[in-house]
Amino acid sequence: MTLLALDRVSRVYAGHRGLFGRARPVRAVDEVSLVLDAGRTLGVVGESGCGKSTTGRIALGLEPPDSGSVRFEGAALPPPNTAAWRRQRARMQLVFQDPLAALDRRLTVAAQIAEPLAIHGIGSGADRAERVAQLLADVGLRPDLGRRHPHELSGGQRQRAVLARALATDPVLLVCDEPVSALDVSIQAQVVNMLLDLQAARGIAMLFISHDLKVVRQVSHEVAVMYLGRVVEQGPADMLFAEPVHPYTQALVSAIPTPGPRRAARIVLAGDPPNPAARPPGCAFHPRCPVAIARCASETPALGHAQDGRLVACHLAATQAPTGIAA
Ligand code: SF4
């Protein structure tokens, strides 16, 4: 069952004006369409500035799209700051990258986990205390840690506290924006495993936004790869990581560290990282694309179905053989 559907959403910001030049608008998100089913995980990957975080904020209704639409549980998102919007926000929560920034340093962890319950008027004081104790246990935090303040916890414990707070209202959707990027690798694995366990137990859907393809591969059923505001490849995670079609996806996947022998050499992209304020004409990836043809500099490829059914935006998608990269 479709839980969340973004239909051709775009978001344009006014650009900064240089010393002599005119401000150029920045298309942070450009005609992005995504579908997330209940209980499933859609990974959204790409380099910094590709529009993945803005897409997540649009999905939650924290930012309005300039065009296109967002539907959650079959209905359009209500206008912000209305009672209907608050009710719906209880069912869709955001997990931030930086847990220290997401938590209030002056309040105890337990008080912050209880906060969404108070905001949404859920339960009595005693009910909330019981619920907080359960949530602490669900995310693997000892009961006494609830009495501490955020700076008294480790990074991993803080991210667990953020997650407990996000789960307080029993959401059906979590938008996780780089949820483990600030953590050590060993703690990352623990938090990722906990997210997977919670998803299995509660049937939560996740929009998992990250630049880390290794983590995205571990958690996602479907993956959308973004480049300069657009989706360039989308499909089942197994298929996309084993045989990426788009040259950008091939480069990203080739850079994932693998323990065994690699089946294909790492593809190192030439040129500068993408600048959303200076989007190249035609295929935005063409200045860095190792297989670009003349047409790529002037004609933007549409996102269309490749031979195996996945979506790819590349003029060569019909002829380009998928690359077997993943070990
Ligand atoms: Fe490369 Fe051209 Fe395909 Fe863009 S459309 S990814 S430049 S081959």
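Student: Leaving aside neighbours within four places in sequence, which residues is L174 in contact with?

Tutor: L174 is in contact with Q93, V95, L163, A166, L167, L195, I204, A205, M206 and L207, where contact means heavy atoms within 4.5 Å. This is a predicted model, in which local features need pLDDT of at least 70 and side-chain atom pairs count only at pLDDT 80 or more, while totals for chains, interfaces and linings use all residues. Residues are numbered from 1 along each chain as its sequence is written, and side-chain values use heavy atoms, with hydrogens and water left out.

Student: What makes a set of residues a nonpolar core, and which members of the largest one touch the most others?

Tutor: The set must consist of buried Ala, Val, Leu, Ile, Met, Phe, Trp, Tyr and Cys residues joined through side-chain atoms within 4.5 Å. In the largest core, which has 56 residues, L163 and L174 touch the most other members. Helix α6 (residues 155-167) gives the most to this core, namely six residues. Helices (H or I, at least four residues) and strands (E, at least two) are DSSP runs, numbered from the N terminus. Apart from this core lies another, of 27 residues, including L6, I58 and M92.

Student: Why is the pair of Y227 and Y248 called edge-to-face?

Tutor: Rings of Phe, Tyr and Trp (its six-membered ring) pair if their centres lie within 6.5 Å; planes under 30 degrees apart count as stacked, over 60 as edge-to-face and the rest as tilted. The centres of Y227 and Y248 are 4.7 Å apart and their planes stand at 65°, so the pair is edge-to-face. Y227 lies in strand β9 (residues 222-227) and Y248 in helix α10 (residues 247-254), so the pair ties together parts 21 residues apart in sequence.

Student: How do you know whether Y227 and Y248 are buried or exposed?

Tutor: Buried means under 20% relative accessible area, exposed over 50%, and partly exposed in between (1.4 Å probe, protein chains only). Y227 has 4% and is therefore buried; Y248 has 0% and is therefore buried. Together with F285, Y227 and Y248 form one aromatic cluster.

Student: What must hold for a charge to sit over a ring, and which residue lies over the face of F241?

Tutor: NZ of Lys or CZ of Arg must be within 6 Å of the ring centre and within 35 degrees of the ring normal. R217 lies over the face of F241, at 5.9 Å from the ring centre.
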